[in-house]
Amino acid sequence: MAHLLAAVSLPPVTFRPAGGNYLRLTTKTRAIRAVSLEEIPPNAVRRKLDSTWRGGFSLGVDLGLARTGLALSKGFNFRPLTVLELRGQKLELRIIDIAQKQEVDEFIIGLPLSSDGKETPQSNKVRSVAGRLAVRAAERGWRVYLQEEYGTTIDAMSYMVDRGLGKSAREGKQDAYAAAMVLERYFLESGRRIELVLPKQLDLQERLKKGCSKDADYSTDESD
């Protein structure tokens, strides 16, 4: 038996247990058995390795103080979905409900870092929401990732202007387009700079691994 990941050299990916410290794991890491790249791979990695792979969809999330933008990726098509003016538990439950209806199996949440890659005051707030969402998602076998989002708001505005959207048409939509830019960056970089947000509960980590292992398109036998 051979795994697709064995055929490529992947960079280290940072895993962050919800509420815990960073774990830097690579395909060679075996000391910590909670997770590995083979067990909980992001969709961007799967698509890079196999262009014919058709799996779950990805939901881009641009978290703001007052509004949260959502975008959807089905295949390589990115589109803004909606903007939510909710906070706290109501926001998290609404995101989960939308993911259920859109057949999403992973969340790509924009992480607001500075231009030199450092944490910002908003970063901790985003990490807190991502940690709570990761628990709710893992209960359903879904994954939560953080993707650096610096510049995506400006990119979203340029994207809308380039496509001829006037000021009135852009009103209230920028957050959803920013979420689409987060998704685009995630796939263009093939998931190289993401963080997997893990719940601390080992049973939920096992559920995440089982959710990925059910995908017959991802694991192949060279003898086939």
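This is a predicted model: local features need pLDDT of at least 70, side-chain atom pairs count only at pLDDT 80 or more; totals for chains, interfaces and linings use all residues.
Leaving aside neighbours within four places in sequence, Gly110 is in contact with Val61, Val126, Gln147, Glu149 and Val182. The protein chain has 224 residues, of which 48% are buried, and its secondary structure comes to seven helices and ten strands.

**The chain as a whole**

- When contacts between residues at least 6 apart in sequence are considered, 67% of them join residues at least 24 apart.
- The protein chain exposes about 11,400 Å², and carbon and sulfur atoms supply 50% of that area.

**Nonpolar cores**

- The largest nonpolar core holds 27 residues, and the members that touch the most other members are Leu59, Ile95, Phe107, Ile109 and Val144.
- At least two residues of this core come from each of β4 (57-63), β5 (68-74), α2 (88-101), β7 (104-111), α3 (121-138) and β8 (143-148), and α3 gives the most, with six residues.
- Ile95, one of the core members named above, touches Leu59, Val61, Leu70, Leu84, Phe107 and Leu133 when residues up to four places away in sequence are not counted.
- Apart from this core lies another one, made of 18 residues, including Ile108, Ala180, Tyr186 and Leu196.
- As a general background, nonpolar side chains in soluble globular proteins tend to be buried together.

**Helix α3**

- The buried residues of α3 include Ser123, Val126, Arg127, Val129 and Ala130, and Gly131, Leu133, Ala134, Ala137 and Ala138 in this helix are buried as well.

**Aromatic rings and a charge over a ring**

- The count of aromatic pairs in the model comes to three.
- One of these pairs joins Phe107 and Trp142, whose ring centres are 6.0 Å apart and whose planes meet at 50°, so the pair is classed as tilted.
- This pair links distant parts of the chain, since Phe107 is in strand β7 whereas Trp142 is in the loop between α3 and β8, 35 residues apart.
- Both partners are buried, Phe107 with a relative accessible area of 0% and Trp142 with a relative accessible area of 10%.
- The rings of Tyr186 and Phe187 have their centres 4.6 Å apart and their planes at 65°, so this pair is edge-to-face, and Tyr186 and Phe187 are each buried.
- Arg140 lies over the face of Trp142, at 5.9 Å from the ring centre.

Conventions. Residues are numbered from 1 along each chain as its sequence is written. Side-chain values use heavy atoms; hydrogens and water are left out. A nonpolar core is a set of buried Ala, Val, Leu, Ile, Met, Phe, Trp, Tyr and Cys residues joined through side-chain atoms within 4.5 Å. Buried means under 20% relative accessible area, exposed over 50%, partly exposed in between (1.4 Å probe, protein chains only). Helices (H or I, at least four residues) and strands (E, at least two) are DSSP runs, numbered from the N terminus. Contact means heavy atoms within 4.5 Å. Accessible areas come from the Shrake-Rupley method with a 1.4 Å probe; for residues, only the protein chains shown count as cover. Rings of Phe, Tyr and Trp (its six-membered ring) pair if their centres lie within 6.5 Å; planes under 30 degrees apart count as stacked, over 60 as edge-to-face and the rest as tilted. A charge sits over a ring if NZ of Lys or CZ of Arg is within 6 Å of the ring centre and within 35 degrees of the ring normal.
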